[in-house]
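Keep the picture open as you read.

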Amino acid sequence: MKSAEYIANLWRSTRSTLFRRLFLDRQAEFWVREIDPVHTLTGIRAQVVDVIAETDDTKSFVLRPNAAWRGHRAGQSTLVEVEIDGVRVHRFYSISSAPGQALISITVKRVPGGRVSSWLHQHVGVGHVVGLGPASGDFVLPTPISARLLLLSGGSGITPVMSMLRDLAARSAIEDVAFVHYARTRADVIFGDELEDLAARHAGLRLIVCVDDDDDAPRGFDEAHLAALVPDFAERSTFLCGPGALMDRVEKLWADVGASHHLQRERFVAAPLFTPLVASGEGVDVRLSRSQRRVVTRGAGTLLEQLEGAGERPANGCRMGICRTCTCLKHSGTVENLVTGEVSSEPDQEIQLCISVPRSDLELDL
Amino acid sequence: MHLGTAFGSGAGSVMRPGPGTPPCNSHGKKEVSMTHQNKTLTREQADAFGRELLALRQEVVADLGERDVEHIRRIIRAARRSEAAGRVLLHVGIGPVSFVLGTSALALSKILENMEIGHNVMHGQYDWTGDPDLASQRYEWDLVCTGDDWRHSHNYEHHTFTNILGKDRDIGYVMLRVVQEQEWKPVHLAQPILAALLALFFQWGVGAHDLRIDELFAGKQTSRQFARRARPFLTKATWQLFKDYGFFPILALANAPRVALGNLLANGARNLWAFAVIFCGHFPEGVRVYDQAETENESRGEWYARQLGGSANVEGGRWLHLLTGHLSHQIEHHLFPDVPASRYPEMAPRVREICARYGQSYCTGSFRRQLGSVARRIGRLALPGPRRPVAAKPVAHPAAGRVASAWIGRRAA
């Protein structure tokens, strides 16, 4: 057994070395992509097979992923990669479809000024190919499924809990589910028709949609109103996803009644997290994700100088921004390019350490 | 032709190049007169000059987008298709016609891979796309030189210390005397033959460049250091030899000798071409060299001035630009090494205009002229002659130490 495994591993590594050294991997990848841009040899890619307008500002994109897709659990999200004017951009989106199907869907609300969501709405149609990351996240239903559930969402935060509800429905596992959703108007309720349909077909599903323009209910989230609608909320296994303000109040309520351990949360961010900027020269906290170390900057030096001053030895060359030896992936935070004055605040952008100064706390791939 | 008065406080002293009269080369036969045409800039002037070039760079960088990605993907597609066509013709073809066509197609793909794709991608010209296939620090090219060695010896050393004697090891590739400022040694008598050999086996010269064999002989590096440097190169070279003269010929069965010969000729054609392009970029008449002292504390603006003074362009059409990887725009490449090279032709007129205003000569000429100039130099400098001192910089740096931090050139390690 062991020796067979050894031989198999040796064969695989030899084959991959051989292919790489003879540039055959690159050739194969190129020709496969020429023939079919979806079924590539490396990475997960998916083709858009349908686009569904859910509300005025929300669309669902139904995707057919290639064989590299390993499936998802209800509630998980995936990193979607699109190319906008030549630049690859990534955003996490919750998967709204139930697991175990050949097709998956993401549901995207168009955010004013949001580069990716606007682009998906405007430019991505049937036939378009996007890149995907493996499904990730631990905002998932427990196994075995708790009998009494509360799925609580606001706005486009409905997407991961919708995946959960669809999963439960497909498995005929809706025993006692309270589904509470907050939206601005009736027309803004994503999946409204499907929710009504599910509620009609499943006796165990109690659907409560709270919209701001209802006359007989308070605007937005209200603790007393929720307690009246779902009196046993504190005993239910609860899954929460929505805007920050809603989540804060729900978290506080659950904490007040001592039920925090029942609450599972998924924070979604429509745009990159805002990081407060500091003046050039002010000390910031630099996390190095690979070495798991931290550096606190002092004075006005470049990132390269700061890291070296703290005993790190990042690769570098010209020290004036031309050779790119010190190019490094910045996972988060904001830096300013000393030569050009450009500010980089998008997550996962490559920066040159030798000509960048930190303008916020950072996380670097070092 | 004097451009010496072009920059100054006097109103109306701005000089622009006349139509068709490039500043440095119009009838350049005499070397001495050529290298002194540049007006020496004070640090403030150099920094103002650099700022204008940086502004031009920013303008182009802001405009980068889909068409630049489309360009490089189109070139990659052309290279891969050309390679496939070449291999099919060599592997299954019979007779001389398919042999010549197959070898040419393979040579074309190797030239594109070397010049427009590999060289430019490894400079980081497409890092802004975020496409892992175009990532500068991970790209590996179809050449015996390893990507890592190239990034070190070329992107860092050559582009940082361009044309500084004793620091830029690309000046004559340490073996040839290509400028009169280099000291003559008896070995230079053989340099016409050495140059021809270097041209034929150029990828091996490039591949072994970063091993610093000369330093091993001079006792400046230990054999242990040398062995550590040599290992990645030897590994890659072995695989490359196996690929070109083992794997692909064996795949062709009875056509094995034909395939091996085709690969050899395609590699040779690419070698000759790359050698010619690179030697035209830095060693024709009109390009100057610098000594270490004068560049010690140079500002970023002075770095720009040196990149201009140390580079020469080759004039030609779109195809010449593509096949040289746009190193026909060597000047623009040295000023903006990480801007996509296909943008150099549109930047060139603006660069020339800026150069003219600052009294800086802009060396350009036809391929024949530049190559002929280099060839004559290699021949003439093979013979013993006095070492000419590097043109000294007469102006002191009044502003030294007071330059805005971003404009200080290299920061101390």
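## Chain B: burial and make-up

Of the 413 residues in chain B, 46% are buried, where buried is the label for a residue with 20 or more other C-beta atoms within 10 Å of its own, those atoms being placed from the backbone (12 or fewer makes a residue exposed, and anything in between partly exposed). Please keep in mind that this is a predicted model, in which local features need pLDDT of at least 70 and side-chain atom pairs count only at pLDDT 80 or more, while totals for chains, interfaces and linings use all residues. Residues are numbered from 1 along each chain as its sequence is written, and chains are lettered from A and ligands numbered from 1 in the order in which they are written.

Chain B has 15 helices and 2 strands; both kinds of element are DSSP runs numbered from the N terminus, helices being H or I with at least four residues and strands E with at least two. In chain B, 72% of the contacts with a separation of 6 or more link residues 24 or more positions apart. A contact here is a pair of residues whose C-beta atoms, placed from the backbone, lie within 7 Å.

Two packed helices are described by the angle between their axes and the distance between the axes. Helix 2 (residues 43–63) and helix 11 (residues 300–309) of chain B have axes that come within 7 Å and cross at roughly 75°. Axes are lines fitted to C-alpha atoms, for helices over the stretch in contact, with angles from 0 to 180 degrees between N-to-C directions. Helix 2 and helix 11 of chain B are therefore roughly perpendicular, a label for angles of 65 to 115 degrees (under 35 is roughly parallel, over 145 roughly antiparallel, the rest oblique). Among the residues making this contact are B:F49 and B:L53 of helix 2 and B:Y304 of helix 11.

Helix 10 (residues 256–282) and helix 15 (residues 367–380) of chain B come within 9 Å, axis to axis, and cross at roughly 85°. B:A276, B:F279 and B:C280 of helix 10 meet B:F367, B:Q370, B:L371 and B:V374 of helix 15. By class, this contact has 6 nonpolar, 1 polar and no charged residues; Ala, Val, Leu, Ile, Met, Phe, Trp, Tyr, Cys and Pro count as nonpolar, Asp, Glu, Lys and Arg as charged, and the others, Gly among them, as polar.

## Nonpolar cores

Which residues touch the most other members of the largest nonpolar core? In this core of 78 residues, they are B:F49, B:V178, B:Y304, B:L335, B:C355 and B:I378. A nonpolar core is a set of buried Ala, Val, Leu, Ile, Met, Phe, Trp, Tyr and Cys residues joined through C-beta atoms within 7 Å. Helix 4 (residues 96–122) of chain B gives the largest share, 10 residues.

Apart from this core lies another, of 38 residues, including A:L141 and A:W254.

Chain A holds 8 helices and 19 strands, and 35% of its 366 residues are buried. Its C-alpha atoms fill a box of roughly 70 × 55 × 45 Å along the principal axes.

Where the chains meet, 24 residues of chain A are in contact with 33 residues of chain B. Helix 2 (24–35) and strand 4 (87–94) of chain A each give two or more residues to this side, whose residues divide into 10 nonpolar, 7 polar and 7 charged.

How values were computed
Two residues are in contact if their C-beta atoms, placed from the backbone, lie within 7 Å.
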